[in-house]
Amino acid sequence: MEAVAVLKQAFVKTFGHADGLTVVRAPGRVNLIGEHTDYNGGFVFPMAIEFDMVLAARKRTDQVVKIHSIDYGSTVEFTLDCPITYDTKELWSNYLRGVLWAMQGAGAHLGGMEIAFLGTIPQGSGLSSSAALEVATAVAVRHLTDFNISQPDLALLCQKAENEFVGMKCGIMDQFISMLGEEGHALLVDCRTLDYEPIPIDLGGYQILICHSGVKHSLVDSAYNQRRQECETGVRILAAHFPAVQALRDANLEMLAACAAALPPVIYKRCHHVITENERVLKSTKALKAGDLVGFGQFLNQSHDSLRDDYEVSCSEVDLLVDLARKVNGVLGARITGGGFGGCTVNLIKGEAVEEFLAQVIPAYQKETGIKAQVYTSKAASGAEIL
Ligand code: GLA
């Protein structure tokens, strides 16, 4: 059954009837290039995918909030008469609680509501199911409360929910693309100004293939937060020599070379990744716009190598998937996508080569790791919308 039909059915079962519902969908994302650049004020190039969160919500006349997760088969309930607090048992609910908390803090007049939701984004894949849930919640609540706020500002509130309420210090990329994605396009986003340019994903006989390693290493959040701190350390050292450097976005390879002696080796490598990755985003999107898919694929490969060697956020399983993919005739580029330490690869592949990918990569990966990798294809989807 279609996700929205399942959603409505579950809503009726949980809350009695389906009158007065606002139904929203918000997509997951795959980042094509520009990894760990968002929180350094840099550039990213994600596209929204056809996997999403669907959420139904309606107002109540009191201050009680009831939220039902169809995937977890569980319901939480709290009252807005008290401050919204973190739930240590039903952890999934914190993404919604956090958004309500952030919107309330920004001046939205919340009242009681009933919410149910369901996801089609593969669990633990790193395709941003949490950002999609935050964005779906935010769009529904904005509608129910008539809160006047722009799309980018609402995406920022979702990021704030994740940073300050959930405790994951993510950048703005995932919430931004889930909110503002455009069908048939990926967005080149300047994460400092939040200016963005939709670029057509016009790949001729090629397509984007997502491959899930089936691995999610623990400590992802702490390793992620640690990378952020290492970047901040890099900025402090670079700024001592070059005061104009306020974020790694402002640095270049000449500055890095000039500060090499002052930078601990690990910090040097982290900065090297971010500086070169920002350049790759700009060069690769230029190549894509010029129809140079071979060039675009090469930048994807370089991005992976830099994430593996300089930023050290890959892992042996994902490296294996990437190496196997690159051996397939018709794969122009393969790299890890998202935060890292497992999750998915993104591959630029010729349509006719997909069969070979499935016949070569998946069995070889399973032989080595014992894991059956999952493969997904998606066109570039639109951002969040009220259905
Ligand atoms: C996660 C974060 C994003 C971004 C990526 C890495 O997906 O949520 O903000 O930092 O990792 O590019």
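**Aromatic pairs, a buried helix and a pocket**

Modeller: In this predicted model, Y224 is buried, with a relative accessible area of 8%.

Colleague: How many aromatic pairs does the structure hold?

Modeller: The structure holds 9 aromatic pairs, and in one of them the rings of Y39 and Y224 have their centres 5.4 Å apart with their planes at 65°, so this pair is edge-to-face. The pair links distant parts of the chain, since Y39 sits in the loop between β1 and β2 while Y224 belongs to helix α6 (residues 220-241), 185 residues apart.

Colleague: And Y39, is that one buried or exposed?

Modeller: Y39 is buried, with a relative accessible area of 13%. Another edge-to-face pair is formed by F176 and Y196, at 5.5 Å centre to centre and with 75° between the planes. F176 lies in helix α5 and Y196 in strand β7, so that pair ties together parts 20 residues apart in sequence; F176 is buried at 0% relative accessible area, whereas Y196 is partly exposed at 33%.

Colleague: Why is helix α5 largely enclosed?

Modeller: Helix α5 (residues 173-180) has 8 of its 8 residues buried, so the rest of the structure largely encloses it. Those buried residues pack against β1, β2, α3, α4, β6 and β7.

Colleague: Switching topic, what lines the second largest pocket?

Modeller: The second largest pocket, with about 230 Å³ of space, is lined by 13 residues, and I201, L203, S378, K379 and A380 lie nearest its centre. By class the lining has 6 nonpolar, 5 polar and 2 charged residues, and its largest share, 3 residues, comes from strand β8 (residues 206-216).

Methods: Residues numbered from 1 in each chain as written. Predicted model: local features only at pLDDT ≥ 70, side-chain atom pairs only at ≥ 80, totals over all residues. Heavy atoms only, no water. 1 Å grid on protein atoms, 1.4 Å probe; cavity = no way out; pocket = protein on both sides within 12 Å on 5 of 7 lines; lining within 4 Å. Points joined across faces, edges and corners; volume = space filled by probe spheres on them. Helix = DSSP H or I, 4+ residues; strand = E, 2+ residues; numbered from the N terminus. Nonpolar A, V, L, I, M, F, W, Y, C, P; charged D, E, K, R; others polar. Buried < 20%, exposed > 50% of the residue type's maximum accessible area, 1.4 Å probe, protein only. Contact = heavy atoms within 4.5 Å. Phe/Tyr/Trp six-rings, centres within 6.5 Å; stacked < 30°, edge-to-face > 60°.
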